[in-house]
Amino acid sequence: MLATTMIFTFQPRNHLLMMMSRRSLMITLGSRQQEREPAKLESLPPEERGRYKVATIPNAICAARIAATSLIGYLVVQHHVTPGFALFTIAGATDLLDGWIARNVPGQKSLVGSVLDPVADKLLISTMFITMTHAGLIT
């Protein structure tokens with residue numbers, strides 16, 4: 001009995017050869033892959049150097065906002081709504097502040113911050129929704 005074999009070729013940047021049969025799947029990348037040297041940090045302009053940093057002012061503000069999320073949630077669940085609302089307002093103001101610093105201060109943009117900031121926002125909003133529902137403030 002002969003096994004049927006299908007061969008697919010796909011070439012966006014690298015040669016890709018995929019062979020499929022009833023028993024196996026084989027994927028082979030071609031040898032024309034280009035290896036790129038990472039850019040030296042000192043050779044980059046100041047606004048690009050900060051892109052590879054983790055310890056920046058906006059990231060610290062964002063980490064503080066993430067840490068305050070649990071405290072805000074606790075205050076809402078315990079029906080201490082006024083201090084919870086005050087901390088929520090401060091968290092919103094720090095969101096504006098860290099965005100402004102990241103955009104306007106050279107060397108403060110970072111890849112970590114571009115991921116961390118939306119995560120912190122979604123965490124804060126979802127925590128508020130869940131805790132307010134649990135406390136009976138949202139029906």
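This is a predicted model: local features need pLDDT of at least 70, side-chain atom pairs count only at pLDDT 80 or more; totals for chains, interfaces and linings use all residues.

Guide: A residue counts as buried when its relative accessible area is under 20%, as exposed when that area is over 50%, and as partly exposed in between. Ala91 lies in helix α3, and because its relative accessibility is 5%, below the cut-off of 20%, Ala91 counts as buried. If neighbours up to four places away in sequence are set aside, Ala91 is in contact with Arg65, Ile72 and Leu124. Of these partners, Arg65 and Ile72 are among the α2 residues that meet α3, while Leu124 is one of the α4 residues that meet α3, so that by the definition of contact Ala91 has heavy atoms within 4.5 Å of residues in α2 and in α4.

The protein chain holds four helices and three strands, and, read from the N terminus, its elements follow the order β-β-β-α-α-α-α. Where contacts join residues at least 6 apart in sequence, 50% of them link residues at least 24 apart.

Take next the pairing of α2 with α3. Helix α2 covers residues 57-77 and helix α3 covers residues 81-104, and they pack at an angle of about 165 degrees with their axes 9 Å apart. Since angles over 145 degrees count as roughly antiparallel, that angle makes α2 roughly antiparallel to α3, and α2 passes α3 in a left-handed crossing. On the α2 side, the residues that take part include Ile57, Ile61, Cys62, Leu71 and Leu75, and on the α3 side they include Leu87, Phe88, Thr94, Leu97 and Ile101. Sorted by class, this contact has 15 nonpolar, two polar and three charged residues.

In the loop between α2 and α3 sits His79. Most residues other than glycine have a negative phi, whereas His79, which is not a glycine, has a positive phi of about 65 degrees.

The pairing of α3 with α4 also has an angle of about 165 degrees, here with the axes 12 Å apart, which makes α3 roughly antiparallel to α4. The crossing of α3 and α4 is left-handed. Phe88, Ala91, Asp95 and Asp98 of α3 meet Asp117, Asp121, Leu124, Ile125 and Met128 of α4, and by class the residues of this contact divide into five nonpolar, no polar and four charged. Ala91, the buried residue with which this account began, is thus itself named in the contact of α3 with α4 as well as in that of α2 with α3.

That leaves α2 and helix α4, the latter covering residues 111-134, whose axes come within 9 Å and cross at roughly 5 degrees. Because angles under 35 degrees count as roughly parallel, α2 and α4 are roughly parallel to each other. The contact of α2 with α4 has 12 nonpolar, seven polar and three charged residues.

Val76 belongs to α2 and is buried, with a relative accessible area of 3%. Apart from its neighbours within four places in sequence, Val76 is in contact with Met128, Thr131, Met132, Ala135 and Leu137; for Ala135, the separation from Val76 is 59 residues in sequence but 6.9 Å in space, C-alpha to C-alpha. Leu123 belongs to α4 and, at 35% relative accessibility, counts as partly exposed. With residues up to four places away in sequence left out, Leu123 touches Ile66 and Thr69, and its C-alpha atom is 9.7 Å from that of Arg65, a residue 58 places away in sequence. Arg65 is also one of the residues touched by Ala91, which brings the account back to the residue from which it set out.

Conventions. Residues are numbered from 1 along each chain as its sequence is written. Side-chain values use heavy atoms; hydrogens and water are left out. Axes are lines fitted to C-alpha atoms, for helices over the stretch in contact, and angles run from 0 to 180 degrees between N-to-C directions. Helices (H or I, at least four residues) and strands (E, at least two) are DSSP runs, numbered from the N terminus. Angles under 35 degrees count as roughly parallel, over 145 as roughly antiparallel, 65 to 115 as roughly perpendicular and the rest as oblique. A crossing is left-handed if the near helix is turned anticlockwise from the far one by less than a right angle, and right-handed if clockwise. Ala, Val, Leu, Ile, Met, Phe, Trp, Tyr, Cys and Pro count as nonpolar, Asp, Glu, Lys and Arg as charged, and the others, Gly among them, as polar. Buried means under 20% relative accessible area, exposed over 50%, partly exposed in between (1.4 Å probe, protein chains only).
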